[in-house]
Amino acid sequence: MRRPIRHIAGAVLATLLGAGAGPAAASQDLPPLTENDHVWNSLLSASVGDAIQRKCPTISPRLFRAFRAAKDLERHALSLGYNPAQIEAFLDSSANKVRMKAERDAYLAANGVSKDDPESYCRLGREEIARNTLTGSLLRETR
């Protein structure tokens, strides 16, 4: 069964965040997580990888790496002082989901992906894998 990377990463984060709290911090002392480039770009990479593996029949997710990346990202956010409730609210935000989808679609289009052409997703997936980007590290070619 193929499972989207973003759903796996989100489930992993939700599970891990429920296991314990990080450093306490007043939310007014921290900028919104949407302003943290590392967090946002990591989730964007996972979203791009999810789109690629859903549309390309010869590319699948690396589930263990997705789990490890989600755990690392969760630790990073906690180390910055965000608490589990703040992280969960960030992940559940409808506005963030809309923005993420728009940025993902823009990245795909800028890299020559056509929604009606599965091979264009495969081509980008192979390029991401070859360049060893974060997106590429979450994918594998299966043929």
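# A tour from the fold to the charged pairs

Among contacts in the protein chain between residues at least 6 apart in sequence, 79% join residues at least 24 apart. Keep in mind that this is a predicted model.

**Whole chain.** Start with a cartoon view. The protein chain has 7 helices and 2 strands. Trace the chain along the sequence, and the pattern reads α-α-β-α-α-α-α-α-β. The protein chain exposes about 7,800 Å². Carbon and sulfur atoms supply 55% of that area. Of the 143 residues, 41% are buried.

**Select tryptophan 40 and phenylalanine 90.** Here is the 1 aromatic pair of the structure. The ring centres of tryptophan 40 and phenylalanine 90 are 6.2 Å apart, with the planes at 65°. Planes over 60 degrees apart count as edge-to-face, so this pair is edge-to-face. Zoom out to see what the pair connects. Tryptophan 40 lies in helix α2 (residues 37-55), phenylalanine 90 in helix α4 (residues 84-92). The pair therefore ties together parts that are 50 residues apart in sequence. Both tryptophan 40 and phenylalanine 90 are buried.

What sits over the ring of tryptophan 40? The charged end of arginine 99 does, 3.9 Å from the ring centre.

**Salt bridges.** Next, the charged side chains. The whole structure holds 9 salt bridges.

**Select aspartate 50 and arginine 54.** Stay in helix α2, where both residues lie. Aspartate 50 and arginine 54 are 4 residues apart, about one turn of the helix. Their salt bridge brings the closest N and O atoms to 3.1 Å. Is aspartate 50 buried or exposed? Aspartate 50 is buried, because its relative accessible area is 0% and the cut-off for buried is under 20%. Arginine 54 is partly exposed, at 40% relative accessibility.

**Select Lys101, Arg104 and Asp105.** A network of salt bridges links these residues. Within it, arginine 104 and aspartate 105 meet at 2.9 Å, N to O. Arginine 104 is buried at 7% relative accessibility, while aspartate 105 is partly exposed at 22%.

**Select glutamate 141 and arginine 126.** Their side chains form a salt bridge at 3.8 Å, N to O. This pair links distant parts of the chain, 15 residues apart. Glutamate 141 belongs to strand β2 (residues 139-141) and arginine 126 to helix α6 (residues 118-131). Glutamate 141 is partly exposed, at 32% relative accessibility. Arginine 126 is partly exposed too, with a relative accessible area of 25%.

Technical notes: Residues numbered from 1 in each chain as written. Predicted model: local features only at pLDDT ≥ 70, side-chain atom pairs only at ≥ 80, totals over all residues. Heavy atoms only, no water. Phe/Tyr/Trp six-rings, centres within 6.5 Å; stacked < 30°, edge-to-face > 60°. Buried < 20%, exposed > 50% of the residue type's maximum accessible area, 1.4 Å probe, protein only. Lys NZ or Arg CZ within 6 Å of the ring centre and 35° of its normal. Contact = heavy atoms within 4.5 Å. Areas by Shrake-Rupley, 256 points an atom, 1.4 Å probe, with all protein chains shown as cover. Salt bridge = Lys/Arg side-chain N within 4 Å of Asp/Glu carboxyl O.
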